[in-house]
Amino acid sequence: MGAFGGHDGRERRWTGLDKLESRNRPPRSLLVALVLASVTLITLDVSGGGSSPLEPARRAVGEAFGPAEAGVAAAVRPFTAVPAWFRSKGDLADQVRDLEASNAELKGQVELAGFDRNRLEQYDGLTTAAEDLGSALVPARVVAMGSRQSQSFTVTIDAGSESGVGPDMTVVNNDGLVGRVLRVTRSTATVLLVIDPDSTVGGRVGSSMEIGFVTGSGSLDQKSGLDLRLVDDASVPARDDTVVTWGSSTGPYAPGVPIGTITEVYSSLREASQRAVVKPFVDFSALDVVGVMVPSGSRSDRAVIEADGSLR
C-alpha cells in the first residue's frame with residue numbers, strides 16, 4: 001500500500017504542474033483577437049497611404065526613438081567599420097605599389113628615351129653607310145675601351161669570328177672611319193682606333209686627289225685632330241677639304257672611307273714640307289654602334305647589312 005500510495009503522490013504532483021501551466025497560458029480567444037487586430041491595423045495602414053490613422057503614432061515613435069537610434073549607430077559605427085577599414089587600407093596599399101611600379105617603369109622609359117633614340121639613329125646610319133661605301137657591314141657594339149696605362153687606343157666590340165669578323169678589317173660608324181681589327185675571338189674583337197699614335201692610314205685629299213699618310217694624335221679630343229703629311233711636299237692642302245682613305249680591297253683599310261676635314265695647314269721651311277691637321281668625323285669619346293666591313297655574303301651569326309642597305 002505504501003508503494004502504491006507513493007505512486008499516487010507523484011501523479012498528483014504532475015497533475016498539479018499541468019494545471020499550473022494551463023493557468024498561465026493565455027486563452028485561445030485572446031490570441032485570435034490579437035491576430036485579427038494586427039491584420040486590421042496593417043490593412044488600415046496600407047489602404048490609408050500618407051493619411052493612414054497610424055501615421056501620427058509612427059511619427060511620435062520616430063521622434064522618441066530616432067535620436068537614440070542615431071546615437072547608438074554613431075557609437076557602433078567605429079567598430080562595424082573596422083573590417084572595411086582594413087580591407088580598404090590593404091586595397092589602397094596595393095594600388096600605391098602598382099602606381100609606384102608603373103611610375104618607376106615610365107621614369108625609366110623617359111630616362112632611356114634619348115639613349116634608345118641615339119642608338120636607333122646609329123643603326124639607321126650604318127644602313128646609309130653600307131650603301132655609300134658599297135660594302136656589307138656587320139653591326140657591333142663597343143663594350144670596352146683599352147687600358148690607358150698601355151698608351152694604346154683600342155676598343156673591344158661584341159662581334160668576333162662567329163660573326164664573320166677577322167683581322168685587318170675596316171671598322172666604321174655612321175660618321176666615318178673608326179679603325180681596323182687587330183685580333184678576334186669567337187665572340188669579340190679588338191679594334192685599333194685611328195687616333196692611336198701607332199696608327200697610320202693612307203689618306204687622299206678630296207679636291208686635289210693628293211695622297212699622304214694620316215697619323216693618330218693619341219687623344220680622344222676631336223680638337224686635337226690627326227696629322228696629315230702628303231707624299232708631294234710641294235702640294236699644299238686646302239682648309240675645309242675632306243680626307244678619305246686611299247686603301248685597297250685587300251689592305252687593312254678599304255678605299256673611300258671618310259676620315260675628316262682639314263682645319264689647319266702648317267709649312268716647314270727647313271723640311272720644305274706641308275703638314276695639315278685633320279679633324280676626324282668620328283667622336284671617339286662617344287663610340288657605341290660600329291660596323292665591320294665584310295665581303296658580301298659572309299656567314300654571320302647575326303643580321304648583316306648588305307651593300308644595298310638590306311638586312312640579311
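**Notebook: an aromatic pair, a core and a loop residue**

I looked for aromatic pairs in this predicted model and found one. Rings of Phe, Tyr and Trp (its six-membered ring) pair if their centres lie within 6.5 Å; planes under 30 degrees apart are stacked, over 60 edge-to-face, the rest tilted. The ring centres of Phe-213 and Trp-246 are 6.2 Å apart and the planes stand at 65°, so I noted the pair as edge-to-face. Phe-213 sits in strand 7 (residues 211-215), and Trp-246 in the loop between strand 9 (242-245) and strand 10 (258-268), 33 residues apart. Strands are DSSP runs of E, at least two residues, numbered from the N terminus.

I noted numbering from 1 along each chain and side-chain values from heavy atoms, without hydrogens and water. Local features need pLDDT of at least 70 and side-chain atom pairs 80 or more, while totals for chains, interfaces and linings use all residues.

Next I checked exposure (buried under 20% relative accessible area, exposed over 50%, partly exposed in between; 1.4 Å probe, protein chains only). Phe-213 is partly exposed at 41%, and Trp-246 is partly exposed at 29%.

I then looked up Leu-228, among the residues with the most contacts inside the largest nonpolar core, which has 48 residues. Such a core joins buried Ala, Val, Leu, Ile, Met, Phe, Trp, Tyr and Cys through side-chain atoms within 4.5 Å. Beyond four places in sequence, Leu-228 touches residues including Phe-213, Val-243 and Ile-262; contact means heavy atoms within 4.5 Å.

Last, I found Asn-173 in the loop between strand 3 (170-172) and strand 4 (177-184). Asn-173 is buried, at 7% relative accessibility.

Notes. Helices (H or I, at least four residues) and strands (E, at least two) are DSSP runs, numbered from the N terminus.
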